[in-house]
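Reader: I am new to reading structures and would like to know how the terms are applied. Could we go through one?

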Amino acid sequence: MTITIRNLSKTFGDGDSATTVLDDVSFSVESGEIFAVVGPSGAGKSTLARCINLLERPTSGEVIVNGDSLTQLTSTELRQARRRIGTVFQSSSLLSRRTAAANVALPLEYLGATKAATKTRVGELLERVGLGDKAQKYPHQLSGGQRQRVGIARALALKPSVLLSDEATSGLDRVATESYLTLLDTLRTDLDLAVVFITHEMETIVKVADRVGRLDHGTLREQGDIVDIALDAQSLLGAQLRAPGRATAAAADTVAVSVTYGSPTVPADWLSRLGTELSVPIALLGANIQSIGGVAVGEATLGVPAGRLPEFTRVAKTLGLHSQSESTRVDDDLLAEVPA
Ligand SMILES: Nc1ncnc2c1ncn2[C@@H]1O[C@H](COP(=O)(O)OP(=O)(O)OP(=O)(O)O)[C@@H](O)[C@H]1O
């Protein structure tokens, strides 16, 4: 276990003006693993990030890295211990008057590393993030994606065991986001990093996260393996991960039915199998099928002839699909009443 957040709470102010922004948040991230914390604006993500890297003192609870509780340390000890957590901030916050190399060198300079050692290490780090040729460029001469890569190099300068990515892809375009995520994925394996990936962008977590937690008004409401959550028809976070968009309307004599992948073994040709087995035309009204952790997950909205709904539900279940019509709930509970 590399980082454990245990019963972490944060309240700003006191008395009548007290606001609890984080309430009893707990999770752990192993080395080599990416844990995503996702939540809407105001959920407490920035506060959580600042409590994890101890820029902010939690009101209660612990941040434990490699078995040591950082929240128990004195300010002097904390300065040392903070090195174990590298942070990539939103839009990187590089110093504009320093070159890429000088920005990456900053933590090493604070540490009192020699000039020669700093130069070697900075060279290695910029190579590692694919910016070996940009060492002498200033932030304004780099793209947003390149600045974030400099941010990663700087976060890794002191060889942390935990990397905290705080809304690091906000404001990046699709290509830059993709390359940031690919780099993160490579680095966590190569450097055996425990990664805490904080974001409001659902589409980024499906690409890199192993496990995910949903932060809602300061509380971590659900957390677990991303594939398990994406396959869970009852999970709110699962529904957000599968988000199919707005479906087209069902024809007059059909019922709109939402089907959700509920098993890792749903066959790719399930739609044609359903049509063949029931000998009825099934309309596809909307769908989002994607690969999460190598498993096909998703939701689709289908138009099913009204009288065939119970049969449809039974066959869908044999294929690993949960189904639910717009007006009636026809998943597992009701299925018990459908004759096989
Ligand atoms: N220093 C503070 N004093 C009082 N309240 C605060 C303080 N910092 C944050 N908050 C409140 O805590 C809540 C969560 O804020 P936070 O910035 O952590 O959320 P967030 O999920 O990161 O949102 P966003 O994505 O919009 O930044 C907000 O209601 C905010 O007003």
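Author: Start with contacts: two residues are in contact if their C-beta atoms, placed from the backbone, lie within 7 Å. This is a predicted model. Among its contacts between residues at least 6 apart in sequence, 69% join residues at least 24 apart.

Reader: Why is Val266 called buried?

Author: The cut-off for buried is 20 or more other C-beta atoms within 10 Å. Val266 has 21 within that distance, so Val266 counts as buried. Of the 340 residues of the protein, 39% count as buried.

Reader: Where does Val266 lie?

Author: Val266 lies in the loop that runs between strand E11 (254–261) and helix H10 (270–278). The protein has 12 helices and 14 strands.

Reader: What does Val266 touch, leaving out residues up to four places away in sequence?

Author: Val266 touches Tyr261, Ala296, Leu319, Gly320 and Leu321. Ala296 is 30 residues from Val266 along the chain, and their C-alpha atoms are separated by 7.7 Å.

Reader: Which residues are around the ligand?

Author: They are Phe12, Thr19, Val21, Gly39, Ser41, Gly42, Ala43, Gly44, Lys45, Ser46, Thr47 and His200. Helix H1 (45–52) and strand E2 (19–29) each supply at least two residues of this shell. The largest share, 3 residues, comes from H1.

Reader: What makes up the shell by class?

Author: The shell has 8 polar, 3 nonpolar and 1 charged residues. Lys counts as charged, so Lys45 is the charged residue.

Conventions: Residues are numbered from 1 along each chain as its sequence is written. This is a predicted model: local features need pLDDT of at least 70, side-chain atom pairs count only at pLDDT 80 or more; totals for chains, interfaces and linings use all residues. Helices (H or I, at least four residues) and strands (E, at least two) are DSSP runs, numbered from the N terminus. A residue is buried if 20 or more other C-beta atoms lie within 10 Å of its own, exposed if 12 or fewer, and partly exposed in between; C-beta atoms are placed from the backbone. A residue is near a molecule or strand if its C-beta atom, placed from the backbone, lies within 6 Å of it.
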